[in-house]
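Look at the model below. This report covers a strand and its neighbours, then a pair of helices.

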Amino acid sequence: MTHSRQAVRGLAAALAALVALTAAGCSSKAKTGDGKQTGAGGVKTGQGVTDKTIALGALTDMTGVYATLGKSVTQAQQLYVKQVNAAGGICGRQLELTVRDHGYDPQKALAAYTELEPKVVGYTQFIGSPFVAAVKPKVDGKDKGLVLPQAWSASLLGSPYIRVLGATYDVETINAVDFLLKEKGLKSGDKLGHVYFEGDYGENALKGSKFAAGKAGLTVVEQKIKPTDNDMSAQVSALKQAGVKAVVISAGPRQAASLVGVAAATGLKVPVVGNNSAFAPQLLGTQAGPALEKMYWFASPSLPIGADTPTAKKLVADYQAAYPGDSLDNGIVAGWTAAGVFGEALKKACADKDLTREGVDKALLSLKAHDAGFGMTHDLSDPKAPSSRQSVIIQPDKSVPGGMRTIRQPFVAEAAKSYTP
């Protein structure tokens, strides 16, 4: 998930200006020692935690380029909070989730983060790699609130507070290219097209495709686009003229649908594989639907929402009961997984009698084999590494729940094993 470099630079500059203002605003608050208090049950508490509640934040996109996925992520997390609270909460406290929609606008994302920062222990959601990267210095420096973003850029690695759940875009793309090589006829000497968003998301994915291409003897034909570019006709024309044998797309669902639809209509009938955020099942109801089912696949950090696992089946039933009529997609899986990981960190922090931000961050590091119920475990003990290098290859299919079926079970390409994100 990405935006232009200019927007990121502007956001970072604005953030730097606001750091001093935020610090000044906080200085008037009375504190004792380091601001930590001992609350109910002898548990230390800090920002976002009282004797009765634990406040969490969600910075989402429900009106921008990832609106469809943002809605699903948010609703899944609201469902998680509702179920946890109905079961008694965590550490004798009820969870409170405050949602802010930034619409994939950098200034709105910064404003939302600044507003919620003093009020929450951390964030179960933050959509937008460049926005998360922009606040990273502040998170790592003074704030230290745990962030579990729905973003997979390798630029987010290295922080003990911002933790990527699943393979980063570069690793995921290496796995996707492996699928093209092993199962879709791509071979040494071929040209591989790569259409990608400028900025963190697309350019991190491009590193993966170039690494995989170097290992396999492929030539990458690049087509950089902006999030506002919805018609992929020019890109398809350039790729067709270049003679590509397959295409990787690291962009949004709209761009993927346009790319595949135009390619099918103009005779560029080659396999197209996307990153995990480059598909939404709602696309199957558009004119591009038939082409997507025939020539499109995407890599995912988990099994799809329609997977044949107990966790998936229960989540589908509960989600449909809570949000009747709403579509099923992998945003539900991403949202539920992140909320579950945050919940496990809170439970461990409670057991350690430390619900301060530092206590929750430390508790997360102890999760070395968290099973979210969607096909793979997550090791969160090393901030410098993604929690997994595995990917699942999924194909659009309107005949199955969630419009997606698994083509290749969780795997790690040989090239990805030796790659450093």
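## An enclosed strand

Strand β5 (residues 122–126) is largely enclosed by the rest of the structure, because 5 of its 5 residues are buried. Buried means under 20% relative accessible area, with a 1.4 Å probe and protein chains only. Strands here are DSSP runs of E with at least two residues, and helices are runs of H or I with at least four, numbered from the N terminus.

This is a predicted model: local features need pLDDT of at least 70, side-chain atom pairs count only at pLDDT 80 or more, and totals for chains, interfaces and linings use all residues. Residues are numbered from 1 along each chain as its sequence is written, and side-chain values use heavy atoms, leaving out hydrogens and water.

Which strands pair with β5? Two strands pair if DSSP finds at least two bridges between them.

| Strands | Bridges | Direction |
|---|---|---|
| β3 (residues 53–60) and β5 | 4 bridges | parallel |
| β5 and β6 (residues 146–147) | 2 bridges | parallel |

Gly57 has Tyr123 in β5 as its bridge partner. Gly122 is bridged to Leu146 in β6.

Helix α2 (residues 67–86) and helix α11 (residues 330–351) have axes that come within 7 Å and cross at roughly 40°. The axes are lines fitted to C-alpha atoms over the stretch in contact, and angles run from 0 to 180 degrees between N-to-C directions. α2 and α11 are therefore oblique to each other. Oblique is what remains after angles under 35 degrees (roughly parallel), over 145 (roughly antiparallel) and 65 to 115 (roughly perpendicular).

Definitions and conventions:
Buried means under 20% relative accessible area, exposed over 50%, partly exposed in between (1.4 Å probe, protein chains only).
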